[in-house]
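Dear colleague,

Please read the two together.

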Amino acid sequence: MAARTPTMVHLLVTLVCFLISSARTSSSSASSSDVDAFLSCLSADVPPSIMHLHPTNNNFSSVLVSSVRNLRYYDYDVTPGPDTTTIVSRPLAIVAATEPAHVQTTVVCGRRHSVHIRTRSGGHDYEGLSYASIDVDPHRRHFAVLDLAALRAIHVDASRAEAWVESGATLGELYYAAAAANSTFGFPAGNCPTVGVGGQLSGGGFGSLSRKYGLSADNVVDAVVVDAEGRLLNRSTMGKDLFWAIRGGGGESFGVVVSWKVRLVPVTETVTVFSIRRLRNESAVDLITKWQAIAPALPRDLYLRVLVQNQQANFVALFLGRCGSLVDTMRGHFPDLGMAERDCQEMSWVKSAVFFFYGTADLPAEVLLNRSSNPYYYLKVKSDHVQEAMPRHAWESIWSNWLEKPEAALLMLDPYGGRMGSISPSATPFPHRNYLYQLQFYSVWYENGTAELEKRMSWVRGVYEDLTPYVSKNPRAVYVNYRDLDLGTNELEEGSNVTSYAKARVWGEKYFNGNFKRLAAVKSKVDPHDFFRNEQSIPPLPAAAK
């Protein structure tokens, strides 16, 4: 297995970012006449070459799997949920849009003929909701997918340090284009270059520059959205409420965002990275315990994360400056780590993006343009936020009880602080800015089968349960870009064809805290009939709750 990736670090980071994907079975409660009418409506304005139908079109499976990042919802017809068995359904059609007009036509035809639309950009969705239905509710299993992968143009205005980016572009493509325009241009987003811009920005977008410049969503200055009526709107025509909602509230609940105008941020000509590993018998637990208070308080130019895997803690850093300054900073703030000049690697910012994904900067920056997807593992992820540093004994317990198990995979600790904490939690839908750090845990496996699935799911859910006393409460905070169906799924309001707001609050307030009600109010304005919906889409706010 190690031979499949250049380094174990590359494998580790690949496991972090390749997410949940598609589905195997097909089922629909709608009449065949509805489906036929929908497809006929599409064919009037959408070229047949970009319409892929299930099961008649030979290209359907290859298009569906083109953005698969994980085999969990591809190899299983039935997958156990937290309490019940859940059926996985394929879309009845995929429209691989090549221009905004194709998006508009698909939305209009879907509305007209009761076929719901799910939008996929890079395909990175932990629970596959962008192109699979993971529920027994027939109302949600009858859907088509708008695949935006071909909408990937990037236009950089170097004089204004801005860029228009289509949703199907990847983060790697955006980083490469920004650096090609000016080597001191960067953008604050995630460390996985194959993540689609559309999904990243609509969920908030956290990465190695966020302590310096905030979330991706904090640096969005305009967007183009197709709403539930099929209209093409920009910031001035969509209104401030919808513009607020799509920058962190999960854009798929409100419409289809086809492009974003983003502010590029300044980075130094030379940055410095390091990767320092410590085993348990080399004070790994002590270092993690101390890291919790140190990392969020470091200067904004320094991002220091921890990856815990294979019985070791890997401290990985990005510093906007040269090695000498970084050594002085680390000696002043975190001398126990023992970071020295020999640990430094100096490079351009765009090459640091290569380093964070591949574990080496020896590869050319062009590898960031690689969009290929070759999944060979299965994945389940959960996440938390930490407000007060966990005591040492808690880390000892987690390590002994869970990290030493044969099925143990990865824990990732990402620090907040800096610019993150200086922006109001209501500035965008992302409310978790005042925590110390974000904690994610990944269960990864390579063999198909129920027994393996249950063992791996048990591991990640067991870690989650044991962390309960030490993480955020009321609500237990989760980042929406780390979607988790264990938190709950939507149900229709009794006697209605609209999602229940009361039931959705169970999971919604964990993602959005007090911003959830405001998101539901926006939904009731822009999509009151709940056309854009999935298992965890924002519901319309009922009149009684206003």
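**Disulfides in the model**

C41 is buried, its relative accessible area being 13%, where buried means under 20% relative accessible area, exposed over 50% and partly exposed in between (1.4 Å probe, protein chains only). This is a predicted model, in which local features need pLDDT of at least 70 and side-chain atom pairs count only at pLDDT 80 or more, while totals for chains, interfaces and linings use all residues. Residues are numbered from 1 along each chain as its sequence is written, and side-chain values use heavy atoms, with hydrogens and water left out.

If a disulfide is taken as a pair of cysteine sulfur atoms within 2.5 Å, the count comes to two. One of them joins C41 to C109, with an S to S distance of 2.0 Å, and the link is left-handed, with -75 degrees about the S-S bond. This pair links distant parts of the chain, 68 residues apart, since C41 is in helix α2 (residues 32–43) and C109 in helix α4 (residues 100–112); helices (H or I, at least four residues) and strands (E, at least two) are DSSP runs, numbered from the N terminus. C109 also counts as buried, at 2% relative accessibility.

A disulfide also joins C323 to C344, where the S to S distance is 2.2 Å, and with 80 degrees about the S-S bond this link is right-handed. C323 lies in helix α12 (residues 323–333) and C344 in the loop between α12 and β18 (345–347), so the pair ties together parts that are 21 residues apart in sequence. Both C323 and C344 are buried.
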